[in-house]
Amino acid sequence: MHVIRQNEGGEACVRIWLPLGHGPPARAAIGDAKISNLEVGEHRSAFGGSVIVGIRLVHPTVCPIHKMPPRIRCAIPRGLGSAVNPSRISNRSAVLRLPSASAPSTTTRQYATAAAATVSGGFRLPDDYVPPTKPPTARPSDTRKSQLLRTYTSLLRSTPLILIFQHNNLTAVEWAAVRRELRIALDNVSTEGSDSADIASRAQLQVIRTRIFDVALKIVEFHDPSKVAPTTVSALTGKKVQVVYNHDLSKAAYDASKNATKGDEPLPESSSYGQISPLLIGPLALFTLPAVSPAHLAAALSILSPSPPAFPAPSKKKNPGYHDAIAQGGLQKLMLVGGRIEDKVFDLDGVKWVGGIDGGLDGLRAQLVYMLQSAGLGLTTTLEGASKSLWLTMESRRSVLEEEQNGGKEGEKKEETA
Amino acid sequence: MITRFITEVTTRFNPFSTRARSARLFLSFLPPTARSSGMTIATQLLPRTSADPSTLHIKFKDGKEMNLDCEAMGIKSIVEEVDRHSRALQKASDLADG
């Protein structure tokens, strides 16, 4: 607490620094002390996240000699100015900042001091305290690029089907036309109120920042959040706790992605990033589908990169909008360079192959089940065949033997069984 | 890059090759109005396994043809090479107009 001004008129301006959010308790404490002639002001400052509370002791008796009128509330802006600019404090004489003995209401001020001191002493944060909402990051967390990186990592983790396009200077109207045609084509293959309508509504064609996407791909492949060692930090109470900082902007993620691509040796063939990284050049756009749905993929391919036998462009009669000059101009500038489907990297032909799967994943599963079933059927008949023939041989042999042994007892047996 | 005097651009590259970089960047340098102002741009994407070199073939208004080696040249040297001829054409057209 500092007394910053005091004059003969019986006023004292007191300024107290408290941690943010403790203005109200301080005021309550002063209220408890039954001080009626105090005025408390509060100002949130940009200085160390503290609250500056200005307290003014207003005496009912104004000095008769000076006839000084009651001071207007000036403590708060003054206090803020000196808080922001510490040099001003040092310029002031130290005497002014010390509580003087000639203060008219010493007792009152002591109350205020005691109350404020206990409050501010109790809320001191530990030195290595890390707010849980603001974990340490390797990249500045409040920049657009970092947040874009987080968007891309989450996109890569959650999206199974991504087509990568190079876009060569499309104008805004061309983008609008391309997106419109894409939307129409996707809506055509989906039925209202089903999963396919949901997939179509969440399909997106978005322009990306190539370099940031490249970094995001590295983080997604090389950074394993489950393997990050915990860090010891202080909790709010000063207790040591173990916290794992494994988010995408963390030091661990940064190091993992840097170390993986360090040096001159090429990445292994199996590395998905190693396969896809040559594609990440120049201006890129992504077409993303929230599920691997060959029907939707085929619809998108027939618009964005039509190839007549399998993925024909819509006819002029059916969809005249597709053939207008703006849409065509835009589509000519889009170039499908590759795709990433279920963490596998595909080229143009591979993407077309996926788009050509009949019935989607369910169709593939049905094919597999049928294949396994028919194979199993053949196997069981083959295995059964040997034992069956053995059983038949043995059985026939037994009946022959039985006939030989008890030739005359046939009649008795028949009676028993009956 | 001066693109006014280019009439035809033909590229052929495998996007999965690191050598396709300059060809792809060259395409991204062409202005949005390139096609509408009469330039024909043909791009052929090679399959992933192909080891064919990436090629860039440019035709100019005066009939000059350029076959640029994208494998060895970076985008800067390609642009420089194209501009070298375009500037001469621009000078000629400025003189004819003036």
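**Exercises on a predicted model**

In this predicted model, helix α6 (residues 144-158) of chain A and helix α9 (residues 210-222) of chain A have axes that come within 8 Å and cross at roughly 55°.

**Exercise 1.** Classify the crossing of α6(A) and α9(A): is α6(A) oblique to α9(A) or roughly parallel?

*Solution.* Start with the angle, roughly 55°.

**Exercise 2.** Find which residues make the contact of α6(A) with α9(A), and sort them by class.

*Solution.* Take α6(A) to begin with. Its contact residues are Lys145(A), Leu148(A), Leu149(A), Tyr152(A), Thr153(A), Leu156(A) and Arg157(A). Next, take α9(A). This helix brings Ile212(A), Phe213(A), Val215(A), Ala216(A), Leu217(A), Ile219(A) and Val220(A). Then sort. The classes come to 11 nonpolar, 1 polar and 2 charged residues.

**Exercise 3.** Describe the side of chain A that touches chain B: which element gives the most?

*Solution.* Count both sides. Chain A puts 18 residues into the contact, and chain B puts in 18 residues. Look for elements of chain A that supply at least two residues each: these are α13 (325-333), β10 (334-341) and α14 (348-355). β10(A) gives the most, with 3 residues. Finish with the classes: this side of chain A has 8 nonpolar, 8 polar and 2 charged residues.

**Exercise 4.** Summarise chain A: how many helices and strands does chain A have, and what share of its residues counts as buried?

*Solution.* Count the elements: 16 helices and 11 strands. Then check burial: 27% of the 418 residues count as buried.

Technical notes
Residues numbered from 1 in each chain as written. Chains lettered and ligands numbered in written order. Predicted model: local features only at pLDDT ≥ 70, side-chain atom pairs only at ≥ 80, totals over all residues. Axes fitted to C-alpha atoms, helices over the stretch in contact; angles between N-to-C directions. Helix = DSSP H or I, 4+ residues; strand = E, 2+ residues; numbered from the N terminus. Contact = placed C-beta atoms within 7 Å. Nonpolar A, V, L, I, M, F, W, Y, C, P; charged D, E, K, R; others polar. Buried ≥ 20, exposed ≤ 12 C-beta atoms within 10 Å, placed from the backbone.
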